[in-house]
Amino acid sequence: MAVVGFGYNPSLVERTFFFSGNEAIAHGAVRAGAGFACGYPGTPSTEIIETLVGLGGIHAEWCANEKVALETAVGASLAGVRSIVTMKHVGLNVAADPLMTLSLTGVNAGLVVVTADDPGMHSSQNEQDNRTYARFAKIPMLEPSDSQEAYDFVAEAFALSERFDTPVLLRSTTRISHGRGQVLPRVAVALEPREYERDLDKYVMVPQHARVRNHIVLERLERLRGFSEESPLNVLEAGTSDFGIIAAGVAYGYAREAFPKAWFLKLGLSNPLPYAKVVRLYEHVSRVAVVEELDPFIEEQVRSLGLPVVGKAAIPAEGELDQDVVFRALEPYVVRKPPRRRRPTVPPAPRLASPAPPAGLPVRHPVLCPGCTHWSVFAVLRRLRLAPMGDIGCYTLGALPPLLALDTCLCMGASVGMMAGFNQALGRKAAAAVIGDSTFFHSGVTSLIDAFSNEAEGLVVVLDNLSTAMTGHQGHPGTGVHPDGRRGPGVDIQRLCEGIGVRCVTVDATDYASLEAAISAEASAPGLGVVVARAPCVLTLRETPGAAAVDAGRCNLCGACLEIGCPALVPGETAMRVTEACTGCGLCIEICRRGALGRAGALLGGAS
Amino acid sequence: MNGATTVSIVGVGGQGILLAAAILAETATAQGLEVRGSEVKGMAQRGGSVLSTVRFGEHVWSPVSRYADVVIATELLEGVRGLDLLGPRGTLVCAHTTRIPPGGVLRGEEDYPADLAGAAVLNNVRLLAVDAEALAREAGTLRAVNVVLLGAASAVLPFDGSSWRRGLEATVPASILAVNERAFALGRDAVAEEVGQ
């Protein structure tokens, strides 16, 4: 295990912990003296804030979106408190606006931005490589390669942030955040007080100030590169072969297992790149490969030094790697003779991963839970002649079989704007928007304001399950529930919409008839309207009504109830069967045209 | 490629896969080994497949591996799917009587695999099929299927009994420790003859 001291004495502890990377980051933040943490939930970043809440001694909160989160953390940093803000990779797109200029203003107390990337898209809409943001914003980036480093690097990041007056990007990936490893805790970092001082030249980014700060940023980048050259965060590890590998993050572990005899330039501080250390690696070996997931981020910089290197020509430029993929990709280059100096050539096209062969086995698609009231909304929407613009949350699963009830999923909050544009382009109400409550507050509200002021036609259905359900039932501005469970004031969606001037009704999503009536009425009404379909997420309910049961005498296996796609309904030999998964939501009872479904116990005989 | 051993635990959300992985990791730690692991759980609560990997040895650098030495499956279909993870001479420990059909099978669009034996022979792996549900019930709770399977897997994993005990103590609440220790022993005994111990 790569346990590096970084000048701190390990404390005497009874045991090592087996932490996920996210748990390690949370514990590392407390150890580094962070006093403020915030973020927006998103896989694979969510557990950092959730772990911090359990640790106590730090203010932790969920924000409406990532931009708000970063701005809130900047405020806490200015006030003199070390602050950490967490998000998934696409969240940094939302927070990119404050980040780019925060690079110019710098910080007061240390500020660390955690971006948890998702190569392979286990739970994301794209697999963008957020390392590019570090270069783009000209800020330092740390990439832990295991849980111990995730723990250690947080303190390193805060120290860097204060020493170089810059926000620091701590970049994780799914296999770091959700990977686990042993972690040896260390003694707490001693903090210097950092009182807030008014400094208009530094914090007011009008052009005449920003030009000065921009110059400071460029100077800072070179001082950081000097640090990157000296720092033990970037280690040249001696090997016993003529083959060298440059790697950071989890890719280092893959490469290390694949080629145990190779020389390594192991990058913990991967931006700015330590050019001299790269050159030094070439003094020891004649062939060098860069092992990195996704983009040729390091490779292109090595090429810019005029050095021959194997990278994306061999290593797939998409999806996750592992030691087997790395070994098979690079094995030919280990034995090949060293390349002679050649005339400049364009780099070869990147390799694409070969798609996984079909296993021929039934796939276990994730589906909406039995009893989820989203089923009801989709059952209504399928009957409307409106193109359903989807959004991001549990309900995105409604786009998959068997429902196929959504036409689009682009990014957080996109449904409302897309609906407005679709309808404006056609000059009639042709599309509806389907958006969750947390997503509505994240970035749907501004689009609704825009649609209203631009006089767009449309129907917006807010699936309000009083929770950020997909990521594990976090609170949001609508619920007012804090991460530690305290309940604060919540924002009422209907009153918010009415305040804007948009027509809005709230219906009980468990009442199918009312739901159908409300959505149908709004679908045929002129102008713009919102229907809030409200019912608590079924996973948060303690008690549920009696399960459904089938009257085998009445069921003729017509399949109408299968249309809703509930996983608790199973066709039997002669009649439908209700499995133990049933939560008793009653939707199938409403749907059945033959009265063959009812509450268990309420049916007269024949209940199975 | 090196001395690390890889165990992959596969199944469906809610079957205690992450707990089983935690027990295994603590056991390997008690044995004095380096441990790393990784879990894919994002959609687990919504009926997706769950895969948790635990790797241990003198030195472990990667949290994942394309190939596993041992696959523990808490469900038959996931066991058949898990065969793809096994390298040659690997072992599949499978709760072969537990069947959780996915939506496509329930709707009659896909076929659930009939059994395991044929597929396992085809792939040249050792198969330890355990009626884990029955043994878990015998131990006292159906929820201990995961620990029954760990007991069976213990027959082919290099850990002392004392390490397993510490692994269980470190992860299982004291109130249900006895039930789980019973489940573990039942699983271990169920395959003793087959493994030749």
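**Reading strands, helices and a contact between chains**

Reader: Which residue in S7(A) is the bridge partner of Val112(A)?

Author: Val168(A) is the bridge partner of Val112(A) in S7(A). We're looking at a predicted model, where local features need pLDDT of at least 70 and side-chain atom pairs count only at pLDDT 80 or more, while totals for chains, interfaces and linings use all residues. Residues are numbered from 1 along each chain as its sequence is written, and chains are lettered from A and ligands numbered from 1 in the order in which they are written.

Reader: How do the strands around S5(A) run, parallel or antiparallel?

Author: Strands of a sheet pair through backbone hydrogen bonds, either parallel or antiparallel. Here S4(A) (residues 83-88) and S5(A) (residues 111-117) run parallel, joined by six bridges. Six bridges also join S5(A) to S7(A) (residues 168-173), again in parallel. Pairing needs at least two DSSP bridges between two strands; strands (E, at least two residues) and helices (H or I, at least four) are DSSP runs, numbered from the N terminus.

Reader: Which way do the residues of S5(A) point?

Author: In a regular strand the side chains alternate between the two faces of the sheet. Leu111(A), Val113(A), Thr115(A) and Asp117(A) point one way, while Val112(A), Val114(A) and Ala116(A) point the other way.

Reader: What is the strand order in the open sheet of four strands?

Author: The order is S9-S11-S10-S13 in chain A, with mixed pairing. S9(A) (234-237) and S13(A) (287-291) each have a single partner strand, so one side of each is left without a neighbour in the sheet. Neighbouring strands are turned by 15 degrees against each other on average, direction ignored. S9(A) pairs with S11(A) (residues 263-267) in the antiparallel sense over four bridges, and Asn234(A) stands opposite Leu267(A). H12(A) (residues 275-284) lies across S9, S10, S11 and S13 of chain A, at about 170 degrees to S11(A) (axes are lines fitted to C-alpha atoms, for helices over the stretch in contact, with angles from 0 to 180 degrees between N-to-C directions).

Reader: Where does H17(A) bend?

Author: H17(A) (residues 437-453) bends by about 65 degrees at Gly444(A) (the angle between axes fitted to the seven residues ending there and the seven starting there). Twelve of the 17 residues of H17(A) are buried, Gly444(A) among them. The cover over those buried residues includes H16, S15, S16, H18 and S18 of chain A.

Reader: How many residues does each chain give to the contact?

Author: Chain A gives 39 residues and chain B gives 40 (two residues are in contact if their C-beta atoms, placed from the backbone, lie within 7 Å). H11(A) gives the most to the chain A side, with six residues. That side divides into 21 nonpolar, ten polar and eight charged residues (Ala, Val, Leu, Ile, Met, Phe, Trp, Tyr, Cys and Pro are nonpolar; Asp, Glu, Lys and Arg charged; the others, Gly among them, polar). S8(A) even pairs with S2(B) (residues 34-40) in the antiparallel sense over three bridges, with Gly37(B) the bridge partner of Arg180(A).

Methods: A residue is buried if 20 or more other C-beta atoms lie within 10 Å of its own, exposed if 12 or fewer, and partly exposed in between; C-beta atoms are placed from the backbone.
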